[in-house]
Amino acid sequence: MKRRFAMAGTLLALVLGLGTLPAAATPSGTSPASTPAALAAPDISITAVRAHLDELSAIAARNGGNRRSTTQGYRDSVAYVKGRLQAAGYTVTEQPCTSGCTSGAGPNLIAEWPRGDANNVYMFGAHLDGVSAGPGMNDNGSGSAALLENALTLARENPDMRNRVRFAWWTDEEQGLNGSYFYVRTLSSAERARIKAYYNFDMVASLNGGYFINHITSAAAAPMKAYWDSLGLRPEENTEGAGRSDDYSFERYSIPTSGYAMGASARKTSTQAAKWGGTSGSAYDPCYHRACDTLTNINTTGLDRAADGIAYTLWQQAVGTGGGGGTCDPAGVVGNGGFESGTAPWTGTTAVIAAHSGRTAHGGTRFAWLGGNGSTSTESVSQTVTVPADCTRASLVFWLQIETAESGSRAYDTFTVRVNGSTLATWSNVHAGGGWIQRSADLSAYAGQTVTVAFTATEDYSLQTGFLLDDVSLQSS
């Protein structure tokens, strides 16, 4: 990962990573094999990922102790990754960086799995170069090795594909995101338009790390977050790495991005240490850009979770069923459905989203409390979602708790679910009581469409009714 320097026109990249965390950081009873979110994707062998790291370490040792982009250590790293991919059946392209890179920098390495819709490409990338100070095992052997084993696993599994997957190992990231930026800017506009999302993996094995996701509330991030959520990890936004790794090259051309990271030189907070384990007040990676970034600087637990999360995301975004046809994949369509990650992408009366004192959320600590004013008012939260085209049966599912001071069987205060302004369902003060109750509204008629979903509470002039909303999702039914 790149450091950020105050240089005009130059952004340097930064990477995040993780080593083996204390037992307190490992949620009990959760593993990729035991969680529903992981069942569709294969388990990535952490032993195999570590074997790739062993080879990258040996390459550095044979070449002056580092794998900087201009050195033989980097070129040998390219040769190793390329050889493994070719043996697995990939056609691999070495792309020389002919402008904007450090003089003498080695090539980018690109490999595309030749199945699925070539007009819908999902890219997965990691920078392969390191700094001159050390072998760069966390930064960024970790991301490179996890990505390589995912590519090899895809080849072995050889599933039906509905979309195209492209892998990339970037040169010269440590000198300013140069290799990835060269790649993106030299694509035609039509080629860029085919890339539906780019996923970046930079420092995913930091010894004192946390669990961070780039643009965590975005649609691109949804499967990544869903997987780590399934492990009870409660990931956070990757603020430290913003603009500091290769995903930024894609962002500059308005291509959606996300990715995993586990932290660099920033320090872990006490809250994070309580949640994930590790040492508060210490850097996520104590060996960031130092000679001690060796094989002993690897968090195997974090690396395993990142590698499996990559596989889950790849399978969700690109793997199909039955002869390459599409699948209904509603996971993550609704962004921030539990209201835990601020207010985005919800719009409207977003002040209703909070950890409200005196009330308990259905899940987590935050929810939306609409109404409850006891006077004439209208409050609403909404967001735009795309219902997958292959979901012939799709439901908007949410949890609703209604509290009222009204009495009788007349509906004075109402809660409506609307899609593009059309009312799909209505509840009122009449339905109060019973605590949190799961409700739903049928969205099947909107399959393949991008629509605005709105929840609206309307109260009359007296006697309050509060409508508490939480854990909104799209589900196939």
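Strand S11 (residues 367–371) is joined to S18 by four bridges, and the two run antiparallel. Within this pairing, tryptophan 369 has leucine 468 of S18 as its bridge partner. Helices (H or I, at least four residues) and strands (E, at least two) are DSSP runs numbered from the N terminus, and two strands pair if DSSP finds at least two bridges between them. The model is a predicted one, so local features need pLDDT of at least 70 and side-chain atom pairs count only at pLDDT 80 or more, while totals for chains, interfaces and linings use all residues. Residues are numbered from 1 along each chain as its sequence is written, and side-chain values use heavy atoms, with hydrogens and water left out.

Zooming out, S11 and S18 belong to an open sheet of five strands in the order S10-S11-S18-S13-S16, with antiparallel pairing. Strand S10 (353–354) and strand S16 (437–442) stand at the edges with a single partner strand each, so one side of each has no neighbour in the sheet.

Now for the pockets. A pocket here is an open set of points on a 1 Å grid over the protein atoms alone, where a 1.4 Å probe fits, with protein on both sides within 12 Å along at least five of seven lines; lining residues have an atom within 4 Å of a point. The largest pocket has a volume of about 750 Å³, a volume being the space filled by probe spheres set on the points. Its lining counts 33 residues, and the closest to the centre are Ala219, Gln317, Val333, Thr386 and Pro388. Strand S5 (195–201), helix H6 (222–230), helix H9 (300–318) and strand S12 (377–386) each supply at least two lining residues, with S12 giving the largest share, four residues. By type, the lining divides into 16 nonpolar, 13 polar and four charged residues (Ala, Val, Leu, Ile, Met, Phe, Trp, Tyr, Cys and Pro count as nonpolar, Asp, Glu, Lys and Arg as charged, and the others, Gly among them, as polar).

The second largest pocket comes in at about 620 Å³. Of the 26 residues that line this second pocket, Lys225, Asp229, Gly337, Gly338 and Val472 are the closest to its centre. H6 and strand S18 (465–476) each supply at least two residues of that lining, which divides into 10 nonpolar, 12 polar and four charged residues.
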